[in-house]
Amino acid sequence: MSHLRIPKNWTIQRSTAFFTKENVPPVLLSHHNTAKDVFGQLCVMEGQVVYYGFANSTATEPEVRVEINAGQFATSPPQYWHRIELSDDAQFNINFWSDADKKSEVLFSGKK
């Protein structure tokens, strides 16, 4: 998987607060995916976040590994299974993009 561009007509539907090792939601550290027609944009402010992408919900070996350093971002396409790891000093947030109004919808889900 290469860096995937968010379509230019899509808009941010929701943004998270900044997360660190102390307050990151556990679901982000395990298999989860974004909703249908929703791109995730992971923006790193400090430290490093490593993104692991998986072929499906049951895959144990990542097919993608991306190191995202301070000042960088990466995108995660709709319905793509992934998880992250954080450096001790990491600080990041996530923007959720879509072409439709999804502000009141669930934008990601964890492994069941």
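Reader: What is the relative accessible area of glutamate 85?
Author: Glutamate 85 counts as partly exposed, a class that lies between buried (under 20% relative accessible area) and exposed (over 50%), with a 1.4 Å probe and protein chains only. The model is predicted: local features need pLDDT of at least 70, side-chain atom pairs count only at pLDDT 80 or more, and totals for chains, interfaces and linings use all residues. Residues are numbered from 1 along each chain as its sequence is written, and side-chain values use heavy atoms, with hydrogens and water left out. For glutamate 85, the relative accessible area is 35%.

Reader: Which residue forms a salt bridge with glutamate 85?
Author: A salt bridge requires a side-chain nitrogen of Lys or Arg within 4 Å of a carboxyl oxygen of Asp or Glu. The closest N and O atoms of this pair are 3.2 Å apart. The partner of glutamate 85 is arginine 83.

Reader: How many salt bridges are there by this rule?
Author: Besides the pair that includes glutamate 85, glutamate 67 and arginine 65 form a salt bridge with closest N and O atoms 2.6 Å apart. Both residues are partly exposed, glutamate 67 at 41% and arginine 65 at 49%. Lysine 21 forms a salt bridge with aspartate 88, at a distance of 3.0 Å. The count of salt bridges comes to three.

Reader: How many residues apart in sequence are the parts that lysine 21 and aspartate 88 tie together?
Author: Strands (E, at least two residues) and helices (H or I, at least four) are DSSP runs, numbered from the N terminus. Lysine 21 lies in the loop between strands S1 (11-15) and S2 (32-34), and aspartate 88 in the loop between S7 (81-86) and S8 (91-98). Lysine 21 is partly exposed, whereas aspartate 88 is exposed. The pair therefore ties together parts whose separation in residues is 67.

Reader: How many helices and how many strands does the protein have?
Author: Read along the sequence, the pattern is β-β-β-β-β-β-β-β-β. The counts are zero helices and nine strands.

Reader: Which residue in S8 is the bridge partner of isoleucine 12?
Author: S1 and S8 pair in the antiparallel sense over four bridges. In S8, the partner of isoleucine 12 is tryptophan 97.

Reader: What is the phi of aspartate 37?
Author: Most residues other than glycine have a negative phi. Aspartate 37, found in the loop between S2 and strand S3 (39-46), is not a glycine, yet its phi is positive. Glutamine 79 also has a positive phi, and this residue lies in the loop between strand S6 (73-76) and S7. For aspartate 37, phi is about 65°.

Reader: What share of the contacts with a separation of 6 or more is due to residues 24 or more positions apart?
Author: A contact means heavy atoms within 4.5 Å. In this protein of 112 residues, 40% count as buried. Residues 24 or more positions apart account for a share of 84%.

Methods:
Two strands pair if DSSP finds at least two bridges between them.
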